[in-house]
Every structure is written in structure tokens, then in C-alpha cells.
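Here is a protein chain to explore by question and answer. Look at the picture, try each question, then read on.

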Amino acid sequence: MSIMADKSPDRQVETKRRSLRWMGLASVILLAGCATVIPRGAEPPPRPTPTPPPVTSALPDDQKHHRIALLVPLSGKNAGVGQSLANATTMALLDTQAANIRMTSYDTALGASAAARKAIADGNKLILGPLLSDNVVATARVARPAGVPILSFSNDTGAAGRNVYILGHIPSQSIDRVVEYATSQGMSRFAALVPNGVYGQRASSTLLRKVKDVGGTVTSIQTFNRDSRSVEAATKKLGDNGEFDAVLLADNGEMAAKAAPFIRQNTSGTAKILGTDLWNTSSNLAGSRAMRGAWFASVSDGLYRQYADKYRARYGRAPFRLSSLGYDSVLLTVKVARRWEVGTPFPINQLTDSGGFIGLDGVFRFRRDGISERALEVQEIRNGSFAVIDAAPKGF
């Protein structure tokens, strides 16, 4: 009777239903990427019972995709810029139709070290990010022993090296570029206003080195705190060692707009005002009367404007300017992935290709010390607009 019951239609239907439920549950778990579960059905008595694989927090094995981790702040005070970077990487993956890359995001606001450990445990072979310098250092402590390279969005050159590559725009390179251009226009005596702190110290060192290289003279470097009274006092000292042809305002556009009128009132009405790539994100500079005629070096905005329009159409808001780094990091990865076998370590040697890479921000390449070099253009602030007066090189 029991055998007959086992062969009845009702029993067979119930057996099929249970099997389908197991298969559905396994599919949901695999898609969620939380664990690897293999259901066991009835087993013949002669065979030993197989031992199922342990349930882990790692992502399931994938023999068809390169695993790439994106480490950015997705919560907290920097969530806006982090989400913009994440959106940019998604756009790049869609635009390139990169079917062999799987990217997973990890929130550094919850702890950069923890995010890095989870990313490596999940089998990622390359890390894009983090954004903040201290997070880069924390991530590197975890990633270096595992042999996983980092393409960081930071511009802190001190964090570069030993498998850490810096994608961020380096302020010293924009200073070099604008000083070179000013020299080509007959200027040889330079002064500078720099903020107190590490950024100002690095800007001063860059200016002194570059002006020496081009055979010029630095007449004065004055420091200031970021308030109007301090800026005004600093401008009054700029001319103590004589006249100068150009003055570098090594700060963001907002501070430059505050300082320029004081320069005109207290020191020089004719000296050319020079700036860094920080000005590229300050649209209000174009409306500053005192800033008209000022020069600064920056990456080109041509391709970025097209990207920004597409970003707005997709996400309903403007991207953060540095989100282009997220897009370019994916373009670079896609190019390398053409000659990268799935499951093997990321081919770090391909990052230092002397020919470089092309992205939204133009041509760039990595030096062996992990610092990126970029082809920069020189722009002039005019009445309500920026104008390119010396185009960026097309290559290296």
C-alpha cells in the first residue's frame, strides 16, 4: 500500500511542488548575492551523503566577470558626491556595454577599512576609490597585502605609490601649466597669495620650483587665513619686494574673487592674476569684474559638458564635477579588461602605459609613482564666460 501511495498522482504533484519551491528559493538567494546554497534532494542509500559547501557572506563564484569594487561614501555628509561618483560609474558601464565587468559598491562612511575587507573577501580584484585621503590610506593597508590595486579619486599625492594610483586632478600640475604659459607671454616676475595649511605649502613649493625652472623670479609669497581681513592684509605686503608681472591666487574661486579687488586696490592694477584648476568649478568667477582677464589651467570641459547633459537627463540633477573621475576609472578598466583573464590578478603594469588613456577630462597617464599626469588647457576669464586661450595637448 505504501508503494502504491508513493506512485499516486497526488504524491507526484506534491513532490514536484516541493522541488520547485527549493529551486525558487535557491535562485532568490543566489541573485541576492548573500550566500551560496545548494539544496539536497533524496539520496540513494548506497551513496554517501555529500557535504554541502559552507554558507558564507562572499559573493558567488563568477567565471565570466571581472569583479570590481567601488568604495565611496554613500551615507553621511559626503553622500552626495559619493552617489554622483557611483552614478557616473554606472553610466560608463552602460555606455561601454561592458558585459564582462561586475561592479559592487561599498559605503566608506561606515568605515573604509571594513569596506575594503568586505570588498576583498567578496573576490574583487580592483578597487575604484576611495574619495578622501585618509580613507585611501586605510584602504591601502587592507588592499596591499591582498595584492589588490587601488584607483583612488583623491588628489593627495602623498597617498600614491605601492599599488595606489591617484586619479584626482593634481593642483601642482595646473600651477606648472599656467606659469609656463605666462612665461611664454613674456612674464618673469611672480608673486603669490596662498592659504595657510598643507595646500598652501605645496602651492608655494610648486611655484618656487617652476619659476626657477623657467628662469624667472618669485618676488613675494604671502599667506592668509580664509577671511577678508587676513586676505586684505596679505595683499598689502605683496609689493614689498618690488613689482611683479603676475600673481598666483592658489585657492578656490570664491576666495580668489574676494582677493582680486584687494590686489587691484592695494598692490597692482595691471599684474596678471593666475589660478589653479580649483577655479574650474566656480561659475561665479565669470561675473567678477576684478577677475576679468585672469588665467588658470584646467582639464578641458568639452566632453564633460556632454556627459553632464546626459547625467541630468538620467538622474534629474547635475553631477558633481569630480564625478568624471568615476566615469574615467571605468573607461580605463574596460580598456585593460580586454586583455585581462577573468579570475587572475589585475594587470597593474598596464596602468603605466606611456601612451596614457583618454577620458572625459582629456588625456591622462600614470607615472610609476602612482600619480596621474593630465594634459591641461589654459582658460581666460572674460565678461560672463571662460575662454580657452591655449588648448590642451592631444597626447604625451
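**The chain as a whole**

Among contacts (heavy atoms within 4.5 Å) in the protein chain between residues at least 6 apart in sequence, 65% join residues at least 24 apart. This is a predicted model, where local features need pLDDT of at least 70, side-chain atom pairs count only at pLDDT 80 or more, and totals for chains, interfaces and linings use all residues. Residues are numbered from 1 along each chain as its sequence is written, and side-chain values use heavy atoms, with hydrogens and water left out.

Q: How many helices and strands are there in the protein chain?
A: Helices (H or I, at least four residues) and strands (E, at least two) are DSSP runs, numbered from the N terminus. By that rule the protein chain has 11 helices and 15 strands.

Q: What percentage of the 396 residues in the protein chain is buried?
A: Buried means under 20% relative accessible area, exposed means over 50%, and partly exposed is in between (1.4 Å probe, protein chains only). Of the 396 residues in the protein chain, the buried ones make up 47%.

**Helix α3 and its surroundings**

Q: What span is expected for helix α3 at 1.5 Å a residue?
A: The expected span of a helix is 1.5 Å times one less than its number of residues. Helix α3 covers residues 79-96, which is 18 residues. From first C-alpha to last it reaches 26 Å, close to the expected 26 Å.

Q: Which elements are included in what covers the buried residues of α3?
A: The buried residues of α3 include Ala79, Val81, Leu85, Ala88 and Met91. Their cover includes β1 (66-72), β2 (101-107), α10 (302-315) and α11 (323-337).

Q: At roughly what angle do the axes of α3 and α11 cross?
A: Axes are lines fitted to C-alpha atoms, for helices over the stretch in contact, and angles run from 0 to 180 degrees between N-to-C directions. The axes of α3 and α11 come within 7 Å and cross at roughly 35°.

Q: How do the residues of the contact of α3 with α11 divide by class?
A: The contact includes Ser84, Leu85 and Ala88 of α3, and Gly326, Tyr327 and Val330 of α11. Ala, Val, Leu, Ile, Met, Phe, Trp, Tyr, Cys and Pro count as nonpolar, Asp, Glu, Lys and Arg as charged, and the others, Gly among them, as polar. The contact of α3 with α11 divides into 9 nonpolar, 6 polar and 1 charged.

Q: Is Leu93 buried or exposed?
A: Leu93 lies in helix α3. Leu93 touches Ala98, Ile101, Met103 and Val330, not counting residues up to four places away in sequence. With a relative accessible area of 18%, Leu93 is buried.

Q: Are α8 and α9 oblique or roughly parallel to each other?
A: The axes of helix α8 (residues 228-237) and helix α9 (residues 253-266) come within 9 Å and cross at roughly 40°. Angles under 35 degrees count as roughly parallel, over 145 as roughly antiparallel, 65 to 115 as roughly perpendicular and the rest as oblique. Therefore α8 and α9 are oblique.

Q: Is α4 oblique or roughly parallel to α5?
A: The axes of helix α4 (residues 112-121) and α5 come within 8 Å and cross at roughly 30°. That makes α4, relative to α5, roughly parallel.

**Loops and backbone**

Q: Which residue does a cis peptide bond join to Gly129?
A: Most peptide bonds are trans. Here omega is about 0°, and the bond is cis. Gly129 is joined to Pro130.

Q: Is Arg162 buried or exposed?
A: Arg162 sits in the loop between β4 (150-152) and β5 (164-166). Its phi is positive, about 55°, although Arg162 is not a glycine. With a relative accessible area of 66%, Arg162 is exposed.

Q: What is the relative accessible area of Asn163?
A: Asn163 is found in the loop between β4 and β5. Asn163 has a positive phi of about 75° although it is not a glycine. Asn163 is partly exposed, and its relative accessible area is 25%.

Q: Is Asp251 buried or exposed?
A: Asp251 is in the loop between β8 (246-249) and α9. Among the residues it touches are Pro195, Tyr199, Arg226 and Trp279. With a relative accessible area of 4%, Asp251 is buried.
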